[in-house]
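Reader: Hi, I'm new to this one. Can you walk me through it in plain words?
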Amino acid sequence: MRILAIESSCDETAAAVVENGRKIISNVVNSQIAEHAKYGGVVPEIASRRHIENIVGVVDTALCRADMTMKDVDAIAVTYAPGLIGALLVGVNFAKGAAMASGKPIIPVHHLRGHIAANYLVEEHSDLEPPFLALVVSGGHTHIIKVKNYTDFEVIGRTRDDAAGEAFDKAARAMGFPYPGGANLEKAAMEGKKGKYRLPRPQVNGSELDFSFSGLKTAVVNIIHRANQVGGKIDIPALAAEFEDAATEMIESRIRIAIEITGEKRVVAAGGVAANGILRKRLENVCRETGRRLYIPPVSLCGDNAAMIGAQGFYEFEAGVRADMSLNAYATMDIGNIYL
Ligand code: KG4
Ligand code: ZN
């Protein structure tokens, strides 16, 4: 089964063709990052406008690279939640138009389910199937999830304030890096000496699988403010290294506990922050020590893309999920929500 997939939940306009949920035939991502960087973050109104301008070309390119037309695809999968509402609506409305014109079914896909499904697209992950434990760390979400089957998800840990990626971006911005700062912060941290600064590793009282990143970000901002007030200098690489160490240590400790509590044999990581080299190493270590198998997509599939939506779309289709012309977009939605 071939699925044309569309993703427009944030600042990437993306389309892909995916076969049987496991094989990428084509995968096109048009990023708006350079434009949003001028403002230090995503400007929703600009994102919606760029999606409208780009979506026809991006879908055309995905079909063209797959050497296909709409006739050759069996269904259209589209991200319908969560994300920027105006941005999501562009993809959803495009999918509805394409479905009406072609007579193909529409499959609504939850963005975070898609991030997890990016792992199904990796050749070396061909043995990966639920149940497993999933860590989703992106710009908007930080979740630890029990994936019971391909369409049954239970959140067992989540952030109480900022998402991991958001914390990276805010700390990076305070350090003077352009948006989105996560990757820039990582690069700077590689040159940084450890031990010069000490940042907190906040815990959530009585809830050992939850996260709180906002205190960590505030601590970074305070160190920089204090230095500015007295005309002191900040060793940015050293501060970046300490921030990265603290943020990834917090994630590692929760995953260690989640493995113990759930007893799951496989651990899957996903989302933009899963591109972080230190986090990848920490997860590898935890899984080696606890005898678990770790699955992480290559960096190219950690960030937003449509192939992951096509992968999850296949399993949603198999479970009977279909949308009609009343399909709407939703800014927020729990990953466990069942589309009716
Ligand atoms: O999953 P994603 O592409 O978009 C969302 O759905 O949010 O995640 C984007 C987030 C941004 O916050 C970005 O700074 C972060 O992932 N990110 C990183 C790295 N690469 C991207 N954070 C830390 N280290 C990285 N190498
Ligand atoms: Zn995402």
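Reader: Let's start with the two domains. How far apart are the C-alpha centres of domain 1 and domain 2?

Author: This is a predicted model, and in it the C-alpha centres of domain 1 and domain 2 lie 27 Å apart. The contact between them takes 18 residues from domain 1 and 21 residues from domain 2.

Reader: OK, and which stretches of the chain make up each domain?

Author: The domain assignment gives domain 1 as 2-118 + 301-318, and domain 2 as 130-296.

Reader: What area is buried between domain 1 and domain 2?

Author: About 1500 Å² is buried between domain 1 and domain 2, and carbon and sulfur atoms give 73% of that area. On the domain 1 side, the residues that lose the most area to domain 2 are L112, I116 and C302, together 40% of what that side buries.

Reader: Why quote an area at all?

Author: The size of an interface is often given that way, as the accessible area lost when the parts come together.

Reader: Got it. How many salt bridges and polar contacts are there between the two domains?

Author: The count of salt bridges between domain 1 and domain 2 is zero. For polar contact, three residue pairs turn up across that interface.

Reader: And which elements of domain 1 touch domain 2?

Author: Those giving two or more residues to that side are α1 (33-37), α4 (111-117) and α10 (307-318). The largest share comes from α4, with four residues. Sorted by class, the side of domain 1 that touches domain 2 has nine nonpolar, five polar and four charged residues.

Reader: New topic: the ligand. Which residues come nearest to ligand 1?

Author: There are 20 residues around ligand 1, and H115, G139, D169, E186 and G272 come nearest.

Reader: What sits by the oxygen atoms of ligand 1?

Author: One case is D169, where an N or O atom of the side chain is 2.5 Å from a ligand oxygen. With G272, a polar backbone atom is 3.0 Å from an oxygen of ligand 1. G140 also has a polar backbone atom by a ligand oxygen, at 3.3 Å.

Reader: What about N20, is its phi positive or negative?

Author: Positive: phi of N20 is near 50 degrees. N20 is placed in the loop between β2 (12-19) and β3 (23-31).

Reader: Why point those out?

Author: Because most residues other than glycine have a negative phi, and most peptide bonds are trans.

Reader: Last one, back to salt bridges. How many are there by the rule, and which residue pairs with D210?

Author: The count comes to 21 salt bridges. D210 pairs with R160, and their closest N and O atoms are 2.7 Å apart. That pair links distant parts of the chain, 50 residues apart: D210 is in the loop between α6 and α7 (214-229), while R160 is in the loop between β8 (152-158) and α5.

Technical notes
Residues numbered from 1 in each chain as written. Chains lettered and ligands numbered in written order. Predicted model: local features only at pLDDT ≥ 70, side-chain atom pairs only at ≥ 80, totals over all residues. Heavy atoms only, no water. Domains from an automatic or database assignment. Contact = heavy atoms within 4.5 Å. Buried area = accessible area lost by both parts, 1.4 Å probe. Salt bridge = Lys/Arg side-chain N within 4 Å of Asp/Glu carboxyl O. Polar contact = N/O pair within 3.5 Å; in protein donor to acceptor, adjacent residues only side chain to side chain. Nonpolar A, V, L, I, M, F, W, Y, C, P; charged D, E, K, R; others polar. Near = heavy atom within 4 Å.
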